[in-house]
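Please look over the sequence and the model shown below before reading on. The explanation that follows leads from the whole chain to its sheets and then to single residues.

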Amino acid sequence: MLFTSLFGTVAVYAAGAAAHGAVTGYVIAGKSYPGYQGFSPGNSKNVIQRQWPDYNPIMSVTDAKIRCNGGTSATLNASVAPGESVAAIWGQWTHSQGPILVWMYKCAGAFASCDGSGAGWFKIDEAGFHGDGTKVFLDTETPSGWDIAKLVGGNKQWASTIPAGLAPGNYLLRHELIALHQANTPQFYPECAQVVVTGSGSAQPDASYKTSIPGYAKQSDPNIRVCNCSR
Ligand SMILES: *[C@@H]1O[C@H](CO)[C@@H](O)[C@H](O)[C@H]1NC(C)=O
Ligand SMILES: [Cu+2]
């Protein structure tokens, strides 16, 4: 029986880990922070990242997991000043088509009571398609035409800059990959970390730049219902 259960565990892990990915670490203002490794609650618990139960694709824009991949709390935070760099690192990534989006959300108070609800999310970075439209389905960095393909090879990092003048406070930092390799079947991979923005800025995005998550995209949105096949 021991053999059976061990084998079962390995098989489940392998199936979950086979072709997907999640943020598993950060480099913020030049400092490295381990993220959550997943699949084994109890490991790497004291991290800045909100702990996610798995990194299977989220298939519905209304799934509550789309906010932070199901992560609701973390024990630590990272300090960062406006203008400094925040990079996420993916432990593995295999899909070469789709956008990269980086979002923030200002907590009203302590992280422990900050659930990311309401129309408070704003985008600080994005990377989409910029190829010539003729070769978009190759599983390599060039010429897929999508920056997300750089995460398939390379160092699997995406660096963004905290907006200049952003008001200090406690923020959730959300990295989102949307994989579009299956026609009309977008897959969402979002993870969140807790960052304390320092400084004396006062800038906050206007309400027109803010949205709820879930809620920022419709399942029928043509921008996420694409077919990369044979152009
Ligand atoms: C951020 O982390 C530091 C160091 O662990 C801690 O002292 C501080 O209270 C934390 N800040 C918040 C807002 O949780
Ligand atoms: Cu996948």
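**A guided reading of the model**

Gln187 is buried, with a relative accessible area of 4%; buried means under 20% relative accessible area, exposed over 50%, and partly exposed in between (1.4 Å probe, protein chains only). This is a predicted model, in which local features need pLDDT of at least 70, side-chain atom pairs count only at pLDDT 80 or more, and totals for chains, interfaces and linings use all residues. Residues are numbered from 1 along each chain as its sequence is written, chains are lettered from A and ligands numbered from 1 in the order in which they are written, and side-chain values use heavy atoms, with hydrogens and water left out.

Gln187 belongs to strand E9, which covers residues 187-197. Its side chain is joined to that of Tyr189 by a polar contact of 2.6 Å. A polar contact is a pair of N or O atoms within 3.5 Å; within protein, one must be able to donate a hydrogen and the other to accept it, and residues adjacent in sequence count only if both atoms are side-chain atoms. When residues up to four places away in sequence are not counted, Gln187 touches Pro57, Ile58, Met59, His95, Leu177, Ile178, Ala179, His181 and Gln182; contact here means heavy atoms within 4.5 Å.

The chain as a whole may now be considered. Its secondary structure comes to two helices and nine strands, where helices (H or I, at least four residues) and strands (E, at least two) are DSSP runs, numbered from the N terminus. From the N terminus on, these elements follow the pattern α-β-β-β-β-β-β-α-β-β-β. The chain has 231 residues, of which 43% count as buried. Among contacts between residues at least 6 apart in sequence, 74% join residues at least 24 apart. The chain has an accessible surface of about 10700 Å², and 57% of that belongs to carbon and sulfur atoms; accessible areas come from the Shrake-Rupley method with a 1.4 Å probe, and for residues only the protein chains shown count as cover.

How are the strands arranged? One open sheet consists of four strands in the order E2-E1-E4-E7, with antiparallel pairing. Two strands pair if DSSP finds at least two bridges between them. Strand E2 (31-34) and strand E7 (157-161) are the edge strands, each pairing on one side only. On average, neighbouring strands of this sheet are turned by 20 degrees against each other, direction ignored; the axes are lines fitted to C-alpha atoms, for helices over the stretch in contact, and angles run from 0 to 180 degrees between N-to-C directions.

Within this sheet, strand E1 (residues 23-28) and strand E4 (residues 85-90) pair in the antiparallel sense over five bridges. Val23 stands opposite Trp90 in E4, while Tyr26 has Ala88 as its bridge partner in that strand. Five of the six residues of E1 are buried, so E1 is largely enclosed by the rest of the structure.

E1 also pairs with E2 in the antiparallel sense, over four bridges, and Val27 stands opposite Ser32 in E2. E1 and E2 form a hairpin with two residues between them. Ala29, in the turn, has a positive phi of about 50 degrees although it is not a glycine. With a relative accessible area of 33%, Ala29 is partly exposed.

A further open sheet has five strands in the order E3-E9-E8-E5-E6, with mixed pairing. Its edge strands, E3 and strand E6 (121-127), each pair on one side only. The twist averages 35 degrees from one strand to the next. Strand E5 (residues 100-106) and E6 run antiparallel and are joined by six bridges; in this pair, Val102 stands opposite Asp125 in E6.

Two further backbone features deserve attention. Asn69 is not a glycine, yet its phi is positive, near 55 degrees. Asn69 lies in the loop between E2 and strand E3 (78-80) and is buried, with a relative accessible area of 1%. A cis peptide bond, with omega about 0 degrees, joins Ile213 and Pro214; Pro214 is found in the segment after E9.

Which residues surround ligand 1? They are Asn77, Phe111 and Asn170, where a residue is near a molecule or strand if one of its heavy atoms lies within 4 Å of it. An oxygen atom of ligand 1 is 2.3 Å from an N or O atom in the side chain of Asn77. Taken alone, ligand 1 exposes 360 Å², and the protein buries 35% of that.
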